[in-house]
Amino acid sequence: MENILVLLQAASKSDDFMQSDMTIRHMLLHLSFYNSIINHEMLHRDLFTAIQYSNAEIHDLNDLKNVIPIEGIKFSSNLSEISLSLLHGFIYIQLDTNLNEGLLINIADVEKGYRKNNLSENEYSVIGPQVAFVEDLDTNLNLLRKEIISDKLVFEEQIKGSISKARVVIAYMDGIVNPQHLNTVRQRLMDLDFDVIFDTSTLAQIMSDNSNTPFPLIMSTERVDRMKFNLINGHVAVLSSGSPYVISGPTTMFDFFYSPEDFYLPWVLGSFFRLIRYVGVTFSIFASPIYVSVITFHYSVVPRALLGPIIESRTNVPFPPFLEVLFMEITVELLREAGARLPTKVGQTLGIVGGVVLGEAAVQAGLTSNNLIIIVSLSALASFATPIFKMANTIRFLRFPMIFLSAAWGGLGIMIGVMFLLGHLLRLKSFGAPYLVPVFPFRAKGFKEFLRLPYSLTWNRPGFLRPRFARRYTVRKHKDIGDDYNNE
């Protein structure tokens, strides 16, 4: 009995674990269940109603079982069976006269959360699960409970917003998450004094270590599989009612360039595509500034074979390279914003037709050169390689100060911009953890996260999270079957 009580008390650390009592004809019943994954209609209609309105005498668990019109009821006093069944949506009922044993009744909500207009749209992946979070908090908790079937997953709920009274839930893996990071999130939520919580993005800005940076310091995702991976690694997640996005931290800048698709592909392909993203981000930020710098100040670095075509393409352009690039970049941003605000099919048509028509018209009108059209187009495409939308916005923004610096001082201006950017990044933190780790502070082992290495080399959780339990799985070397044939 004591072991069962200890098990139920440990589960009660999570706010979605419910324990209640029910009295039937002077017989006291103890009920235990996870509120986020049960079917509430079955609980009230098939369970409570059947027990309350039954005329049968209930003296023991067998009498209680005969009263409940649900199949598959089983007696159990096994701790592991009780724990696993509760995590799968069972309710555990004990009689006050016999706390050593109870009934396990399956009232799981099987359909909740899946395929109810909750497909991932902004973080689309060709392979892998497509399930995304929705605006309903209970559905989101249900999704996490179904994906992480462990009593280590803990939910802590708070009410935030003096007017909105929004439900905010902290989610973490007990025994894995670093207590310092967890206490940081708890304290920042407790200190929160806001009238209306519109979305988790509002929470992310308020809880951020630095609100004066264009870089996202807290991960925001709509994908269930990404948040599942973050929680298992040791992140602290925050969910809010009315928001289809879940935030988590601490994060590094490099986390925003990882895609769940990397882990569903062979590690060679996953590493290749991750490198493509790094190259794309670099090209997106520096392509246009380098063009302005070279055409304005550094003609000598252009090969002689290319110098002629470049001069010829700019013969009819009356503007200096700076204004030419600025005009094209602003045009691309206007097309992108207009396409994002219009319905999907209309937005796609506008982006394609607008880009082709305006680009061709600008060249014929002498407002820009063919070379710049190619550079700006590739730069815009490269910015879409970033899996997280907020980081993609940051990359789009960084391009403009770099263009101004390159127009003012050429290559020196770009270097000044890079130095200021690095200095800013070195000072950033996410929930107290350095934003540029493993580059700064330098962690040699952390560099294996830059690529999607084989699972045999990534059995530890990221070191910068300082998890209480670092090992994710055990690597075992399997004997080659061919050796057995050779030995024979």
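Reply: **Packing of the helices**

The model is predicted, so local features need pLDDT of at least 70 and side-chain atom pairs count only at pLDDT 80 or more, while totals for chains, interfaces and linings use all residues. Residues are numbered from 1 along each chain as its sequence is written, and side-chain values use heavy atoms, with hydrogens and water left out.

Axes are lines fitted to C-alpha atoms, for helices over the stretch in contact, and angles run from 0 to 180 degrees between N-to-C directions. Helices (H or I, at least four residues) and strands (E, at least two) are DSSP runs, numbered from the N terminus. The crossing of helix 5 and helix 8 is right-handed, meaning that the near helix is turned clockwise from the far one by less than a right angle. Leu143, Leu144 and Glu147 of helix 5 meet Val224, Met227, Lys228 and Leu231 of helix 8, contact being heavy atoms within 4.5 Å. These residues comprise 5 nonpolar, no polar and 2 charged. Ala, Val, Leu, Ile, Met, Phe, Trp, Tyr, Cys and Pro count as nonpolar, Asp, Glu, Lys and Arg as charged, and the others, Gly among them, as polar.

Another pair is formed by helix 10 (residues 267-296) and helix 12, which pack at about 160° with axes 9 Å apart. Helix 10 is therefore roughly antiparallel to helix 12. This crossing of helix 10 and helix 12 is right-handed. From helix 10, Ser288, Tyr291, Val292, Ile295 and Thr296 take part, and from helix 12, Pro321, Phe322, Glu324, Val325 and Glu329. The contact of helix 10 with helix 12 holds 6 nonpolar, 2 polar and 2 charged residues.

Helix 12 (residues 321-341) has 21 residues and spans 30 Å from first C-alpha to last, close to the 30 Å expected, which is 1.5 Å times one less than its number of residues. Its buried residues (under 20% relative accessible area, 1.4 Å probe, protein chains only) include Pro321, Glu324, Val325 and Glu329.

As for the setting, the protein chain has 17 helices and 12 strands, and 49% of its 488 residues count as buried.

Notes
Buried means under 20% relative accessible area, exposed over 50%, partly exposed in between (1.4 Å probe, protein chains only). Angles under 35 degrees count as roughly parallel, over 145 as roughly antiparallel, 65 to 115 as roughly perpendicular and the rest as oblique.
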